[in-house]
Amino acid sequence: MVSEVVASSRVDPARVDYSRVFTQAIDRLHAEGRYRVFIDILRNKGAYPTARCFAGHNGPKPITVWCSNDYLAMGQHPAVIAVMEEALHDVGAGSGGTRNIGGNTHYHVDLEAELADLHGKDGALLFTSGYVSNEATLATLAKVLPGCIVFSDELNHASMIAGIRNSGCEKQVFRHNDLLHLEELLAAADPAAPKLIAFESVYSMDGDVAPIAAICDLADRYNALTYLDEVHAVGMYGARGGGISERDGVADRLTIIEGTLGKAFGVMGGYIACDRQIVDVIRSYAPGFIFTTSLSPVLVAGALASVRHLKASGVERDGQQAAATRLKAMFVEAGLPVLATTTHIVPLMVGDPVKAKRISDILLAEYGVYVQPINYPTVPRGTERLRFTPGPAHDEAMMRELTDALSEIWGRLELVRQAA
């Protein structure tokens, strides 16, 4: 009887057409020219930057990769691969769980010690990715500090923004690399409030560098902690690959240095390096660390070998810097609109998402060149670009072929050139 009454009292709501909502969301991306397509490729072991692209029905097509974040080709290094194979046959594939429940191995302990040493810190903590290390650390740190105010560079990575948002604390955004604006915000804040300045060393889309020492000066003046994202710099700069902070001799002034194992180190994972007390706080309170399966020891072994190699070898760094300088010069000589940078990032500005995708498609289909277009929200609308990351294995002949291909496409599509 009760069920009959309940049933008779129900009013049929307007039915939501979920499929139509989802279709419209994807259609908007297509209309704006920023729908993302993932390429189907396999890299050729030992022959980077060549790969095979599965783009049609005629089998794999050979291509050259120009947009990998494996900046130094360490993911292809024989020493890294050998150590990973050895670990696989020693301990198996997976870690077995979270760090607290079965997922802590001697490989993890060794790598954390190596990373702490790399940055001159007391401790380090591994995460499953650079995104997770940023999100988990920033969210947790600000929550642990009651009333904390985070001062965030406006071009900070999405993972940093997510971490600050998830902390629930007050956020003050300062104009990119603008020290005067940052000091204005610091001076206006409650002197008694805990403060954290979060910023990056190398900004991966524009290739510019933060004034780390000057930001540390402001942090000292206003009693603020500092959090530096070095993901696009670790392995790449400094005598041992400690990043821009090592190169500039300021690592000791930073509270927390965050990095990745998936770019210059060529494997996978993220980490923070800092005082042991802060490591203990993050590992004890951060859900993104506590409740996730730890990195496979096979991956950790490879990252450990890569970090150790790049601490001792500058050959890869020198080769990469030389390649980036050479490619920028070729682009300038050809009148291509390359953004001037002092780092390894080589952005070629297009300014239109549809045209950026069109150039990328032509390069792949006609020239066997793979570079992804970079569109909103990764970069602001109107600044769409192709982002090239030449490495030590990209030779001059490859660069010449790439430059000639781009020059032909620029002419075909009647795109604007810049004076040499």
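Two strands count as paired if DSSP finds at least two bridges between them. Strands (E, at least two residues) and helices (H or I, at least four) are DSSP runs, numbered from the N terminus.

Quick caveats. This is a predicted model: local features need pLDDT of at least 70, side-chain atom pairs count only at pLDDT 80 or more, and totals for chains, interfaces and linings use all residues. Residues are numbered from 1 along each chain as its sequence is written, and side-chain values use heavy atoms, leaving out hydrogens and water.

Seven-stranded sheet now. The sheet is open, its pairing is mixed, and the order reads β4-β10-β9-β8-β7-β5-β6. At the edges sit β4 (123-127) and β6 (170-174), each pairing on one side only. β4 joins β10 (residues 270-274) through five bridges, antiparallel. There, Phe127 faces Gly270 of β10.

Which helices pack here? Contact means heavy atoms within 4.5 Å. Angles run from 0 to 180 degrees between N-to-C directions, with axes fitted to C-alpha atoms, for helices over the stretch in contact. Helix α7 (residues 179-188) touches β5, β6 and β7, at about 155° to β6. Helix α10 (residues 276-285) lies across β4, β9 and β10, at about 25° to β4.

Next, the three-stranded sheet. It is open and antiparallel, ordered β11-β14-β13. β11 (346-349) and β13 (373-374) have a single partner strand each, so one side of each lacks a neighbour in the sheet. Four bridges link β11 to β14 (residues 385-388). Leu348 stands opposite Leu386 in β14. Helix α14 (residues 353-367) touches β13 and β14, at about 45° to β14.
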